[in-house]
Amino acid sequence: MQPTADMRQVAVLGATGSIGASALDVIARHRGRLRASVLAAGSNAEALVKLCITHRPDHAAVADPAAWPRLRDGLRDAGLPTHAHAGPDALQALAAGPECDTVVAAIVGAAGLGSTLAAARAGKRLLLANKESLVLAGELVMAATRRSGAQVVPIDSEHSAVFQCLQACRAGDVRRIVLTASGGPFRGWDRARLARVTPAQAVAHPKWSMGPKISVDSATLMNKGLEVIEAHHLFGLPPARIGVLVHPQSLVHALVEYVDGSTLAQLGLPDMRTALAVGLGWPERIDSGVTGLDLLAQGRLEFEAPDLDAFPCLRLAGEALAAGGTAPAVLNAANEEAVSAFLQGRIGFLAIPELVEDALAALPAAPADSLEALLAADADARRRTRHRIDSSPPGSPAA
Ligand code: NAD
Ligand code: MG
């Protein structure tokens, strides 16, 4: 089908990842309406070239400059006219420039902040999966979207659920929102068992297929903590009005309770293509490839309270949100460093909350009035956490 003037030109940042694959799957189902005009990744040039062969974007970019020659040569060898770019600045310029009108922000970690902010400042439709950028600099990102008129459509499944439930209500109508959590692979485990968890066990999520970092975050419940902070920024609610409920079936993604006692929930199979289709088609509904929910076949829907003793990361995230300022940036940076060390087999599972708690205690919250202050807090927390891991690693890794 020929492109039309109202064709959505989509930049998929983090194209080689799990969310990137889901986004490209939905885009490919709507060839007359959606087009991947920009694809970007971290350093895997070979995987990016393969995606370019299938999706034929105008531009492809790798954040790692060392991967640029492989990207350029791969595109040339495939006979593609796609332009090759490299470096974080190139990603930001593509996210902000005329090459796209819609940005899928699906880079993992604080590394996504620059391109998220660039898209927010440039007034793009921002399909935000990169929750770490909101945890690190939520006020700045949301202020940028308000100034530019950028429309944020959350991609995190819980936040997509809240976004959908909030349609057709006024500010002031909402009493509280509740995010659900699957509970991860170690739901019901005590600390003695958790101490022996391996990286392979931690990334084997029972309900969702995701990248390694968010899979570990789901296993520690830090993911839900980051999501509470994310919801606070996206929906402008104080922490006391954001609840968390463990729901092992992962079919109810979030609930919104109104002042009249009514509660709306959004349900669906645990497949991120639904949230991406919401973002790509909004306000219209478009096919995502996900089948509807058969509640008879699914059976029970269960709910329980999160266990904050076994999974302190959720509590730590709440404390960081309450402390405000630079505390969420410190929480996020220490967590990223700890998760990376855990995945490399350098520290045990229980060391993750220990290292985050240590960083929050050692680096008290300061005002977060500028991007520089936040990036400095992020750097300080990484330095401290890396130093602790290198010198006296807390918690030995499981054999
Ligand atoms: P992933 O590890 O599968 O993919 C990460 C992507 O980011 C890859 O394309 C990688 O090349 C790119 N990347 C890594 N470092 C980069 C850098 N420095 N610069 C540019 N690109 C870089 O991760 P994912 O599971 O797709 O998650 C992506 C984001 O979406 C995370 O913030 C995650 O929390 C969020 N999210 C994911 C899911 C899910 O189901 N996977 C659900 C909700 C939210
Ligand atoms: Mg989520």
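These are my notebook entries on a predicted model with one ligand looked up in it.

**Ground rules**

I number residues from 1 along each chain as its sequence is written, and chains are lettered from A and ligands numbered from 1 in the order in which they are written. In this predicted model local features need pLDDT of at least 70, side-chain atom pairs count only at pLDDT 80 or more, and totals for chains, interfaces and linings use all residues, while side-chain values use heavy atoms, with hydrogens and water left out.

**Entry 1: ligand 1**

I started with the shell, where a residue is near the ligand if one of its heavy atoms lies within 4 Å of it. I found 24 residues around ligand 1, and the closest are Thr16, Ser18, Gly42, Glu132 and Gly211.

I then looked at polar contacts (a pair of N or O atoms within 3.5 Å; within protein, one must be able to donate a hydrogen and the other to accept it, and residues adjacent in sequence count only if both atoms are side-chain atoms). The side chain of Thr16 places an N or O atom 2.7 Å from an oxygen atom of ligand 1. For the side chain of Glu132, the distance from an N or O atom to a ligand oxygen is 2.7 Å. Ser18 contributes a polar backbone atom, 2.9 Å from an oxygen atom of ligand 1.

Next I checked the cover on the ligand. Ligand 1 taken alone exposes 820 Å², and the protein buries 85% of that. Accessible areas here come from the Shrake-Rupley method with a 1.4 Å probe; for residues, only the protein chains shown count as cover.

I asked which elements give two or more residues to the shell around ligand 1. They are helix H1 (18–28), helix H6 (131–148) and helix H10 (212–220). Helices (H or I, at least four residues) and strands (E, at least two) are DSSP runs, numbered from the N terminus.

By residue class, the shell holds 14 nonpolar, 7 polar and 3 charged residues. Ala, Val, Leu, Ile, Met, Phe, Trp, Tyr, Cys and Pro count as nonpolar, Asp, Glu, Lys and Arg as charged, and the others, Gly among them, as polar. Domain 1 (8–154) and domain 2 (166–269 + 292–316) each give at least three residues to the shell; the domain bounds come from an automatic or database domain assignment.

**Entry 2: Lys213**

I followed Glu132 to its protein contact. The side chain of Glu132 makes a polar contact with the side chain of Lys213, at 2.8 Å. Lys213 lies in helix H10. Is Lys213 buried or exposed? Lys213 has a relative accessible area of 11% and so counts as buried (buried means under 20% relative accessible area, exposed over 50%, partly exposed in between, with a 1.4 Å probe and protein chains only).

**Entry 3: strands**

I looked at two strand pairs; two strands pair if DSSP finds at least two bridges between them. Strand S1 (residues 8–13) and S2 are parallel, with 6 bridges, and Leu13 stands opposite Ala40 in S2. In strand S2 (residues 34–41) 7 of the 8 residues are buried, so the strand is largely enclosed by the rest of the structure.

Strand S8 (residues 174–181) and S9 also run parallel, joined by 5 bridges. Leu179 has Val244 in S9 as its bridge partner. S9 (residues 242–246) is mostly covered, with 4 of its 5 residues buried.

**Entry 4: backbone exceptions**

I noted the background first: most residues other than glycine have a negative phi, and most peptide bonds are trans.

Leu221 has a positive phi, near 70°. Leu221 sits in the loop between H10 and helix H11 (222–235) and is buried at 5% relative accessibility. Ser250 also has a positive phi, of about 50°. Its loop runs between S9 and strand S10 (252–258), and Ser250 is buried at 4%.

The peptide bond from Trp282 to Pro283 is cis, with omega near 10°. Pro283 is in the loop between helix H12 (273–281) and helix H13 (295–298). I checked H12 too: 8 of its 9 residues are buried, including Arg273.

**Entry 5: pairs apart in sequence**

Leu350 and Arg191 are 159 residues apart along the chain, with C-alpha atoms separated by 7.9 Å. Leu350 lies in the loop between helix H15 (327–343) and helix H16 (351–362) and is buried at 14%.

Arg72, in helix H3 (residues 68–77), is 27 residues from Ala45 in sequence and 8.8 Å from it, C-alpha to C-alpha. I logged Arg72 as partly exposed, at 36% relative accessibility.
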